[in-house]
Amino acid sequence: ECVNRETALIANPELLPIQPNSINLAIMVHVLEYCDNPSALLRSVFDVLTANGKLLLFSFNAWSMWGLQ
């Protein structure tokens, strides 16, 4: 049986309302490029990841032809 568990979280990215050490996987798709304080965001994400948690980070390639424009 497949259960649909869609969850939306709207929050300040630098102050995530998630318990520390409670997330196994964080996925960030083009988030750092639009964040006012990327260092604070990454600290916040690493705080909520478990000891063996993973961060999957997608970002623009600054050295691509599109990124050099």
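In what order do the elements of the protein chain run from the N terminus on? The order is β-α-β. This is a predicted model.

**Overall build**

One helix and two strands make up the secondary structure of the protein chain. The chain has 69 residues, and 14% of them are buried. Take the contacts between residues at least 6 apart in sequence: 68% of them join residues at least 24 apart.

**The largest pocket**

The volume of the largest pocket is about 420 Å³. Its lining has 16 residues, and those closest to the centre are L9, L16, I18, A26 and I27. Which element gives the largest share of the lining? Strand β1 does, with five residues. Both β1 and α1 supply at least two lining residues each. By class, the lining has 15 nonpolar residues and one polar residue. No charged residue is part of the lining.

**Helix α1: S44 and D47**

Helix α1 covers residues 38-48, and D47 lies in it. S44 is found in helix α1 as well. Is S44 buried or exposed? S44 counts as buried because its relative accessibility is 8%, and the cut-off for buried is under 20%. Beyond its neighbours within four places in sequence, S44 is in contact with P13, E14, L15 and L16. One of these, L16, is also among the residues closest to the centre of the largest pocket.

D47 has contacts of its own. Setting aside residues up to four places away in sequence, D47 touches P20 and N21. D47 and N21 are 26 residues apart along the chain, yet their C-alpha atoms are separated by 6.4 Å.

N21 sits in the segment before β1. Strand β1 spans 23-29, and D36 has its place in the loop between β1 and α1. H30 is found in the loop between β1 and α1.

N21 counts as exposed because its relative accessible area is 54%, and the cut-off for exposed is over 50%. H30, with a relative accessible area of 28%, is partly exposed. D36 counts as exposed because its relative accessibility is 80%. How far apart are the C-alpha atoms of D36 and P13? They are separated by 9.7 Å, with the two residues 23 apart along the chain. P13 is also one of the residues in contact with S44.

**Accessibility side by side**

The table collects the residues discussed above.

| Residue | Relative accessibility | Class |
|---|---|---|
| S44 | S44: 8% | S44: buried |
| H30 | H30: 28% | H30: partly exposed |
| N21 | N21: 54% | N21: exposed |
| D36 | D36: 80% | D36: exposed |

**Links to keep in view**

The segment before β1 holds N21, and N21 is touched by D47, a residue of helix α1. Buried S44 is in contact with residues including P13 and L16. The largest pocket draws on β1 and α1, at least two residues from each.

How values were computed:
Residues numbered from 1 in each chain as written. Predicted model: local features only at pLDDT ≥ 70, side-chain atom pairs only at ≥ 80, totals over all residues. Heavy atoms only, no water. Helix = DSSP H or I, 4+ residues; strand = E, 2+ residues; numbered from the N terminus. Buried < 20%, exposed > 50% of the residue type's maximum accessible area, 1.4 Å probe, protein only. Contact = heavy atoms within 4.5 Å. 1 Å grid on protein atoms, 1.4 Å probe; cavity = no way out; pocket = protein on both sides within 12 Å on 5 of 7 lines; lining within 4 Å. Points joined across faces, edges and corners; volume = space filled by probe spheres on them. Nonpolar A, V, L, I, M, F, W, Y, C, P; charged D, E, K, R; others polar.
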